[in-house]
Every structure is written in C-alpha cells, then in structure tokens.
Amino acid sequence: MKSLSSMKDHKEETKAPWWKRVMWLVVIYAASVLALGVVASLFRMMMTAAGMRSH
C-alpha cells in the first residue's frame, strides 16, 4: 500500500503545466462562443425565412 506522501508526489508529477490548463480554458471558451454564434445564426435564418425582419 502506498503512503500518503508517495501518492502526493505522484499527483504532482502528473499535474499539467499552468499554460496548458489556461490554454484548455481558452479553447473551451472559444468553442462555446463559436457554438453560440452558430445557434444564433440558425435562429436568425429561420426567423428571416418566416418573414420576421428587423426593419
């Protein structure tokens, strides 16, 4: 059975560098903004096709 200190050492070894963790946050944020833009564009196209115009 592993001791608590050896488990802690193993966890620190496998921890990703801070820039990789920040990059994942940026990628997830950009993907969510892109997905929101796609959904908004689809809604706008459907509303335009149904005759709803902004002017």
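**Helix α2 and the chain surface**

Helix α2 has 32 residues, which at 1.5 Å a residue should span 46 Å, and its end C-alpha atoms lie 47 Å apart, in agreement. The expected span is 1.5 Å times one less than the number of residues. The model is predicted: local features need pLDDT of at least 70 and side-chain atom pairs pLDDT 80 or more, while totals for chains, interfaces and linings use all residues. Residues are numbered from 1 along each chain as its sequence is written, and side-chain values use heavy atoms, without hydrogens and water.

The protein chain contains two helices and zero strands (DSSP runs numbered from the N terminus; helices are H or I of at least four residues, strands E of at least two). Just after α2, G51 adopts a positive phi of about 95°.

Of the 55 residues in the protein chain, 0% are buried (under 20% relative accessible area; exposed is over 50%, partly exposed in between, with a 1.4 Å probe and protein chains only). The accessible surface of the chain is about 5,700 Å², with 71% belonging to carbon and sulfur atoms (Shrake-Rupley method, 1.4 Å probe; for residues, only the protein chains shown count as cover). M45, located in helix α2 (residues 18–49), is exposed because its relative accessible area is 56%.
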